[in-house]
Amino acid sequence: MSTLHVIDHPLIQHKLTYIRDKHTGTKEFRELVDEVSTLMAFEITRDMPLEEIEIETPVCKAKSKILSGKKIGIVPILRAGLGMVDGVRKLIPAAKVGHVGLYRDPKTLTPVEYYIKLPSDVEERDFIIVDPMLATGGSAVDAIQSLKQRGAKNIKFMCLIASPEGVKAVQRAHPDVDIYTAALDEKLNEQGYIVPGLGDAGDRLFGTK
């Protein structure tokens, strides 16, 4: 079974409060999402492999560690996931970015894929799928499946806020994919929104309604 990681660092929780606040404007909302994504990236990259090399400090030669060169791919679920990409890339600038376009059918609440573009070397990369919200879990489940069908073997999912229903849906469909979130909220409402949540992340990021 996949593991749920709730990253409850004080700085993340502080910034998440302002992300939730309905009075937070688009510019500040976008900046906060970017900052929290960077902070979460510290945790999601904790198990990246290292190798030892020899360097020369101003004092002497020494053995020290660097990343072993494992390739990373960041895949935002369009469109809200775009708001998290730059935050992660600040720590992993060499990561390549793919895109998965999904929209939620307003009647059935099920996701429909309309676009996908991934790096050509899918099988060689570890992927981080990013989306601010894990609500019903439908988009996450389909996005993970889309990557797997194209050869991805090691996938993690990162969001700001998750619902218990969404977590269970991902764990049931993809028990090999760990979930990283800054908060596990109470539930979904009848419209499929997370409660208390933060509203529609895409609208708040891009100033649309």
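Predicted model: local features only at pLDDT ≥ 70, side-chain atom pairs only at ≥ 80, totals over all residues.

Author: The number of buried residues in β2 is zero out of seven, so the strand lies largely in the open. The cut-off behind that is a relative accessible area under 20%, so every residue that reaches 20% falls outside the buried class.

What β2 does have is a partner. Strand β3 (residues 61-67) pairs with β2 in the antiparallel sense, over seven bridges. Together β2 and β3 make a hairpin, with four residues between them.

Now for some buried residues elsewhere. Take A41, which sits in helix α2 (residues 26-44). Its relative accessibility is 0%, so A41 counts as buried. Leaving out residues up to four places away in sequence, A41 touches V88 and L91. A41 and I92 are also worth a look: they are 51 residues apart in sequence, yet 8.7 Å apart in space, C-alpha to C-alpha.

At 15% relative accessibility, Q171 is under the 20% cut-off, so it counts as buried. Apart from residues up to four places away in sequence, Q171 touches M1, S2, T3, L4 and I179.

Then there's the pocket. An unreviewed UniProt entry lists a "binding site" made up of R79, R104, D131, P132, M133, L134, A135, T136, G137, G138, S139 and D200. Of these residues, the lining of the largest pocket includes R79, R104 and D131, the run from P132 through M133, L134, A135, T136, G137 and G138 to S139, and also D200.

M133 is in strand β9 (residues 133-134), and with a relative accessible area of 16% M133 is buried. Setting aside neighbours within four places in sequence, M133 is in contact with C159, I161, I194, L198, G199 and A201. G137 is in the loop between β9 and α4 (138-149). At 3% relative accessibility, G137 counts as buried too. Not counting residues up to four places away in sequence, G137 touches G166, A169 and V170.

So, back to your strand: with zero of its seven residues buried, β2 lies largely in the open, while M133 and G137 are buried.

Note on methods:
Residues numbered from 1 in each chain as written. Heavy atoms only, no water. UniProt positions renumbered as here; feature names shortened; annotations may be inferred. 1 Å grid on protein atoms, 1.4 Å probe; cavity = no way out; pocket = protein on both sides within 12 Å on 5 of 7 lines; lining within 4 Å. Helix = DSSP H or I, 4+ residues; strand = E, 2+ residues; numbered from the N terminus. Buried < 20%, exposed > 50% of the residue type's maximum accessible area, 1.4 Å probe, protein only. Contact = heavy atoms within 4.5 Å. Pairing = 2+ DSSP bridges.
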